[in-house]
Protein chains: 2
Amino acid sequence: MKRREFMKAAGLGVAASGVAMPAIAQSTTTINWRLQSSYPTSLDTIYGACRVLSQAVAEATDNKFKIQVFAAGEIIPPLSIVDGVQNGTVEMGHTGSYFYIGKDPSFAFGTGIPFGPNTRQQQAWFYHGGGNDLLNEFYATYKLYHLPLGGTGTQMGGWFRKEIKSKADLAGLKMRIGGLAGNVLQRLGLVPTQLAAGDIYTSLERGTLDAAEFVGPFDDEKLGLAKIAPYYYYPGFWEGAASLSLFVNLDKWNELPPGYKSVLNTAAGYAAADMLAKYDAQNPVALRRLVANGAQLRAFPQDLLQESYKAATALYAEIGASNPTFKKILDHQMAFRNQVYPWTQISDFSYDSLMLLAMRQN
Amino acid sequence: MKRREFMKAAGLGVAASGVAMPAIAQSTTTINWRLQSSYPTSLDTIYGACRVLSQAVAEATDNKFKIQVFAAGEIIPPLSIVDGVQNGTVEMGHTGSYFYIGKDPSFAFGTGIPFGPNTRQQQAWFYHGGGNDLLNEFYATYKLYHLPLGGTGTQMGGWFRKEIKSKADLAGLKMRIGGLAGNVLQRLGLVPTQLAAGDIYTSLERGTLDAAEFVGPFDDEKLGLAKIAPYYYYPGFWEGAASLSLFVNLDKWNELPPGYKSVLNTAAGYAAADMLAKYDAQNPVALRRLVANGAQLRAFPQDLLQESYKAATALYAEIGASNPTFKKILDHQMAFRNQVYPWTQISDFSYDSLMLLAMRQN
């Protein structure tokens, strides 16, 4: 495995000089780091991954490698994680990489792009498809080291005050949606707006906003939108996979004892899998409650999906024409996605198709 | 998270007595354990997970907690892991729990049962649905502590010498297939046989065997069956999710310093996610090569799937009638599966449907 090969090169073999000397034990090194999250404690699954990480690292190191976790805004503003980690205000940050596409659209890939690989495909690309190595070449130019840290699975498409019967219904619609997704839907006539989560309810109630996307049932439930924007659309095709990112200041990462690098790497992989499992357990229960409380589940119309796919493809070509890094990562990821989907189709997708039919019939 | 809560209870808080005393540092404890795998080194993804685990644990503990990995048969026979770990011949084993359904059919759930939850659902059940805690109640009666360690995703249905056009074509067919899957298909007239992987090729060539199932494209390729049994069926509905199991001798587990328990738990979660990602990256490439070399992809006929679903349901009811442990775990897992699938349908399944259509059209 790529990450492990790196560890091997950087790690245990290091003491092989001619002189017999005791290994420099990591257990003598005490480290105190600060981890700033973009998220409030109320988003306990995303925020919680930082706690899982911190605890695993502390337990593995006899509490010598301590990571103190800070909720949104405690040290630096929620959407300034990249700057704060880059300039060393904090050693680490947990955030959505795509919040920073204003700096460079290539930041989108750490989270996921519209119509990108699904969750398992994305993880395969990160860990065994060369994806995270490629991302780290880019992130290094911002003095960041990147470890994927958790995912949500395919998100919901958000809450709409009115039904969307075709792509035409998007025209003029004001929707809280950001990133490349906003750019894609803008090409279909939607008006994307940025808005803090806490302002969504009031804006929808007053009618200054027509729709808003957030995460999935478990997190969405906390916003309480089912009564004022009851049409709850799926799938969130702009976040077929949505990964969270752990950014480490690159100098700080390079200074870590090899054993601590390994501990951090292992704990991040563990916490990532744990977050996804937690969402997968919680979302179904929350979805049921939401429907009981008035949410109207709707699938996005086919013409809207098809037009969005074309708009995304055109957008990527335009960005790539003037941004070779974006193009390089895009081509790499799309080649991987296109190679994997035929296998997904006959394995897990085929199994899910069978199960959904069998459960309906029996 | 359940596992973490346990760690907390067993772990860092322990020193809270009235007397200020130095914590007993795990770094003073040297441990050498042996991990026996059921698998040969040639199955490098499954076997490799043990190496990933061992390396992560060594690196986290300054090489003080050493786990030496042994390939199939090096210490104890490949399918005697449960006995070997239970009686302490080795401290740990990596195996398919379902190899041991002869002892108790409840051993099936550690791997997965026909028509069970899919891979992500199974992980959610293990880690955040109470599943692994429930399994550990059962495994404790065999003096085992269980940590999931890796999965394959939905497997293939195997290689057939002749096409299967309907369930009727299964009658009298001799197939290399084990576990509950064999029992299910037996009810449709198939004759399940047990056979070592190394004997499959010759038996199919001689015609003493009509079909054989193994894993998925990447591992199946090594058997070289495309020329002699070219019909390659999907999906492997008896292994919609197939998890591997790390068994630890329960006394040895209980003796571990809390920090080492945590290290092992974290490393197992990491190695599990890593194995799945590796399969997800390798299987698509192998599938393409297999098809280029003559494999004929076929979907199982609908009537066969439907009849198998009914046969599995009947089988579970029969086993559960005389085995309360099996019934308890089954009911728990089925309730979870039934609750999660509607969410899977509108999220990831819906996204995959959209992507498969869009990729075909564009």
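Which residues of α10(A) meet α10(B)? I began my notebook with this, after noting that the model is predicted, that local features need pLDDT of at least 70 and side-chain atom pairs pLDDT 80 or more, while totals for chains, interfaces and linings use all residues. I also noted that residues are numbered from 1 along each chain as its sequence is written, that chains are lettered from A and ligands numbered from 1 in the order in which they are written, and that side-chain values use heavy atoms, with hydrogens and water left out.

**Entry 1: helix α10 of chain A against helix α10 of chain B**

I found that N265(A), T266(A), A267(A), G269(A), Y270(A) and A273(A) of α10(A) meet N265(B), T266(B), A267(B), G269(B), Y270(B) and A273(B) of α10(B), where contact means heavy atoms within 4.5 Å. Sorted by class, this contact has six nonpolar, six polar and no charged residues; Ala, Val, Leu, Ile, Met, Phe, Trp, Tyr, Cys and Pro count as nonpolar, Asp, Glu, Lys and Arg as charged, and the others, Gly among them, as polar. In each chain α10 covers residues 258-292, and the two helices pack at an angle of about 70° with their axes 8 Å apart. The axes are lines fitted to C-alpha atoms, for helices over the stretch in contact, and the angles run from 0 to 180 degrees between N-to-C directions. I therefore wrote down α10(A) and α10(B) as roughly perpendicular to each other, since angles of 65 to 115 degrees get that name, those under 35 count as roughly parallel, those over 145 as roughly antiparallel and the rest as oblique. The crossing of α10(A) past α10(B) is left-handed, that is, the near helix is turned anticlockwise from the far one by less than a right angle.

**Entry 2: a β-α-β unit in chain A**

Next I looked up strands β1 (residues 31-37) and β2 (residues 65-70) of chain A, which run parallel and are joined by six bridges. Helices (H or I, at least four residues) and strands (E, at least two) are DSSP runs, numbered from the N terminus, and two strands pair if DSSP finds at least two bridges between them. Opposite R34(A) I found Q68(A) in β2(A). Together with helix α2 (residues 44-60) of chain A, β1(A) and β2(A) make a right-handed β-α-β unit; right-handed here says that, with the strands pointing away from the viewer, the path from the first strand over the helix to the second runs clockwise.

**Entry 3: two sheets in chain B**

I traced an open sheet of five strands in chain B, in the order β2-β1-β3-β10-β4 and with mixed pairing. Its edge strands are β2 (65-70) and β4 (144-151) of chain B, each pairing on one side only. Neighbouring strands of this sheet are turned by 25° against each other on average, direction ignored. Helix α2 (residues 44-60) of chain B packs on the sheet, where it touches β1, β2, β3, β4 and β10 (243-249) of chain B, and its direction makes about 165° with that of β2(B). Within the sheet, β1 (residues 31-37) and β3 (residues 92-95) of chain B run parallel, joined by three bridges, and S37(B) stands opposite H94(B) in β3(B).

The other open sheet that I followed in chain B has six strands in the order β7-β6-β8-β5-β9-β11, again with mixed pairing. At its edges lie β7 (191-193) and β11 (296-299) of chain B, each of which pairs on one side only.

**Entry 4: helix α12 of chain B and two partners**

Helices α11 (residues 302-322) and α12 (residues 324-361) of chain B pack at an angle of about 140°, with their axes 6 Å apart, and are therefore oblique to each other. The residues of this contact divide into six nonpolar, two polar and two charged.

The axes of helix α5 (residues 131-140) of chain B and α12(B) come within 11 Å and cross at roughly 175°, which makes α5(B) roughly antiparallel to α12(B). Among the residues making this contact are L134(B) and F138(B) of α5(B) and I329(B) and H332(B) of α12(B).

**Entry 5: backbone details**

Most residues other than glycine have a negative phi, and most peptide bonds are trans. I found a cis peptide bond between Y234(A) and P235(A), with omega about -10°, and one between Y234(B) and P235(B), with omega about -15°. The phi of D62(B) is near 55°, a positive value in a residue other than glycine, and D62(B) sits in the loop between α2 and β2 of chain B.
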